[in-house]
Amino acid sequence: MEATLFWIGCGLGAYGVILRQIFKRDLWVEKKVVSVFLHLLFMGAVGALVGFVFSASTDLHGPSPRWPVAGALAGLVWGLGQLLWNKFGPEGSTRLLAGDLEWVETSFSAILLASVIMYAVVQAFKIPSGSMENTLLIGDHLFVNKFIYGIRVPFSTKRVFKLRYVKRGEVVVFEARPKTILSSDERRRGVKKDFIKRAVGLAGDNIEIKNKQLFVNGRPDPNPYPVYKSRITYPAARLGLSSGDYQKYWESGQFAELRREQIGDNFGPVKVPPGCYFVMGDNRDGSFDARFWGPLPNRLLKGKGWIVYWPLSRIKVIK
């Protein structure tokens with residue numbers, strides 16, 4: 001979302017430059033058709049921006065395309081309403097574009113600043129599923145700390161200004177791995193999603209699950225937050241794999257096609273590769289996590305779950 005906001009801000013800036021050149025050189029100012037076209041284009045873009053921000057702020061899995069489209073249509077209707085209300089008199093062209101320029105100059109810097117804050121400092125999310133119950137419930141709104149693990153340099157895997165590394169047991173937000181988490185239809189449509197899970201294993205850790213009990217490096221995980229909503233414990237599936245092949249299949253995400261009954265309650269052992277994490281949902285019986293789609297690379301990490309701020313009855317620091 002932050003990248004989209006950045007490019008929207010750049011687009012507004014470019015539109016502002018065009019309007020300034022129009023006023024500076026007296027280009028098309030008195031041509032009503034051009035003025036109306038530019039004004040409606042601007043209002044449609046503003047409506048799409050509002051719809052995009054609304055959609056993205058209400059779903060951890062990213063914005064739905066229907067809201068930007070609805071926002072663009074609403075913006076066009078509003079722009080037409082302005083034209084009819086003002087009756088578009090002799091000085092209408094100049095007044096119309098001058099109003100657009102004022103809005104652009106006001107919003108340009110604000111949108112760019114918001115995109116920088118969302119990319120590097122803090123971002124709001126909404127929980128869309130029950131995979132983290134009872135720590136996080138469906139509909140919870142939370143802030144994610146995006147600078148604690150370092151600010152990711154765009155178009156690279158490097159991070160700068162890192163305060164510290166991920167600690168075992170922390171709740172993290174990350175970008176979904178397209179090949180293993182998303183469906184074939186979502187991959188075809190280029191859908192991008194963010195997930196939230198608990199980092200139960202770090203690079204080099206040996207992970208194994210026996211009858212729903214998680215073991216990290218041979219010791220039972222002391223984490224008190226997991227819940228088990230199914231009374232049934234499924235036995236280990238006979239996959240016919242050697243320990244080496246099991247590790248390779250898991251790392252490549254080939255377990256994503258398996259049913260929960262096959263590896264959900266009895267899993268591993270596997271070793272978390274360098275630069276990766278093993279993440280699980282606290283709702284162990286209702287979470288599609290690293291057991292199935294493999295290790296989480298550090299490059300996909302977005303930040304640490306920080307504070308639930310809505311609803312008011314659930315305000316808390318996420319642990």
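Here is a short chat about salt bridges and strand pairing in this predicted model.

Local features need pLDDT of at least 70 and side-chain atom pairs count only at pLDDT 80 or more, while totals for chains, interfaces and linings use all residues. Residues are numbered from 1 along each chain as its sequence is written, and side-chain values use heavy atoms, with hydrogens and water left out.

Reader: How many salt bridges are there by the rule used here?
Author: The rule asks for a side-chain nitrogen of Lys or Arg within 4 Å of a carboxyl oxygen of Asp or Glu. Counted that way, the total is 10.

Reader: Which residue does arginine 314 meet in a salt bridge, and what does the pair tie together?
Author: Arginine 314 sits in the loop between β13 (301-310) and β14 (316-317), and its partner's loop runs between β1 (122-126) and β2 (141-145), so the pair ties together parts 174 residues apart in sequence. Helices (H or I, at least four residues) and strands (E, at least two) are DSSP runs, numbered from the N terminus. The N to O distance is 2.7 Å, and the partner is aspartate 140.

Reader: Is aspartate 140 buried or exposed?
Author: Buried means under 20% relative accessible area, exposed over 50%, and partly exposed in between (1.4 Å probe, protein chains only). With a relative accessible area of 2%, aspartate 140 is buried.

Reader: What about arginine 168 and aspartate 205: which of them is buried?
Author: Their side chains meet in a salt bridge at 2.7 Å, N to O. Arginine 168 is in the loop between β4 (159-160) and β5 (171-175) and aspartate 205 in the loop between β6 (194-201) and β7 (206-210), so the pair ties together parts 37 residues apart in sequence. Arginine 168 is partly exposed at 41% relative accessibility. At 6%, the buried one is aspartate 205.

Reader: Which residues are linked with Arg260 in a network of salt bridges?
Author: Arginine 260 is in helix α7 (residues 260-263) and aspartate 285 in the loop between β11 (276-280) and α8 (290-293), 25 residues apart. Both are buried. The network links Arg260 with Lys212, Asp265 and Asp285.

Reader: Where in β13 does histidine 141 find its opposite residue?
Author: Two strands pair if DSSP finds at least two bridges between them. β2 and β13 run antiparallel, joined by 5 bridges. Opposite histidine 141 stands tryptophan 310.

Reader: How many residues does the hairpin from β13 to β14 go through?
Author: These strands pair in the antiparallel sense over 2 bridges, with valine 308 opposite lysine 316. The number of residues in the hairpin is 5.
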